[in-house]
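Student: Can we go through the salt bridges in this one? I'd like to start with what the words mean.
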Amino acid sequence: MSKDFSQPGLHRVAALVDEGSNPFELACMTEVFGIERSEVGGLLYDFRLCAHQREVPMRQNFFTMTGLAELDLLDAADTVIVPNRPDTAAPRHPAVLAAIARAHARGARLVGMCSGAFTLADAGVLRGRRVTLHWQWADEFRRRFPDTEVDDTVLFIDDGDILTSAGSAAALDLALYLVGRDHGTEIATAVARRLVFAAHRRGGQRQFIERPVPSAPGPSLAATLEWAEHHATEPLTVADLAARARVSVATLHRHFRAELGCTPLAWLTARRLDHARRLLETTDLPIDRVAAECGLGTTANLRTHLAAATGLTPTAYRTQFRASAR
């Protein structure tokens, strides 16, 4: 693989490799952005790794990364991925912080992996922004950077040109979300399927936080969610979900809040919107038919929810993603 960007026309992604970085997040980014996939037509991105030094020891010195591109690769990237940093108190190299600040100033998209949010904040790009990171780092981050809003209850946050994720596994959730944002739901789902990974964990889903084991554990939502996935496009209501789960509507709301961090209606709407996006990407159905087929009912309802999720009208969404899904 070339050390420099060499794929004309592809979105350029540069992943920073920093001292002590966790190899799991780096592997997730490489797997999603760097692997050529025949099932989606080949490469989706021009992906490269870079660092400010020739050799970079990874976490706990398990191995050393070599042969990386130089740090100035960030000056040409469309997306810059900033890795986690186990020692959040240790200062980052000034050249790294300066390169991140330059990338942000020229309009590059920044992606912070877990405690990489500290690096982004040290680079001066998070003032007035909203971020997430692993819950164990949240209080320290709030103390050091009070001008940044922290939500440590979610898996990842899309704040426009800056996206941040929580703990290790959330890196894969965020990577797949970015594929969907860039190339559409159908392609993101195809990549997730190839990885044998569930594509439906959304940013608003709760991080896992240790709690005492309850004396009488409540029913899991898993069976109800699996059933609802297959019936979401039907005239299904929250009361129907509660009946399926054999609980009251109020109890169902509590379970959804505790396990998914959202209401049953919000979850159901998201499933229907996913189906609508696939129809827009892969069919020529009229917009009103798409709204009816996905379960959202009316064109106005579809337009409202799609605009909230993507910033696009149904027609604009189809124009942007129809060709790439073929």
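Predicted model: local features only at pLDDT ≥ 70, side-chain atom pairs only at ≥ 80, totals over all residues.

Student: OK, so is aspartate 274 buried or exposed?
Tutor: Aspartate 274 has a relative accessible area of 11%, so it is buried, the cut-off being under 20%.

Student: Which residue does aspartate 274 form a salt bridge with?
Tutor: Arginine 271. Their closest N and O atoms are 3.3 Å apart. Both residues lie in helix H10, three residues apart, which is about one turn of the helix.

Student: And arginine 271, buried or exposed?
Tutor: Buried, at 6% relative accessibility.

Student: What does glutamate 229 meet in a salt bridge?
Tutor: Arginine 271 again, at 3.7 Å from N to O. This pair links distant parts of the chain. Glutamate 229 sits in helix H7 and arginine 271 in helix H10, 42 residues apart. Glutamate 229 counts as partly exposed, at 35%.

Student: New topic. How far apart are glutamate 140 and arginine 144 in helix H4?
Tutor: Four residues, so about one helical turn separates them. Their side chains meet in a salt bridge, 3.1 Å from N to O.

Student: How accessible is glutamate 140? And arginine 144?
Tutor: Glutamate 140 is buried, at 17%. Arginine 144 is partly exposed, at 33%.

Student: Last one. How many salt bridges does the count come to?
Tutor: The count comes to 20.

Definitions and conventions: Residues numbered from 1 in each chain as written. Heavy atoms only, no water. Salt bridge = Lys/Arg side-chain N within 4 Å of Asp/Glu carboxyl O. Helix = DSSP H or I, 4+ residues; strand = E, 2+ residues; numbered from the N terminus. Buried < 20%, exposed > 50% of the residue type's maximum accessible area, 1.4 Å probe, protein only.
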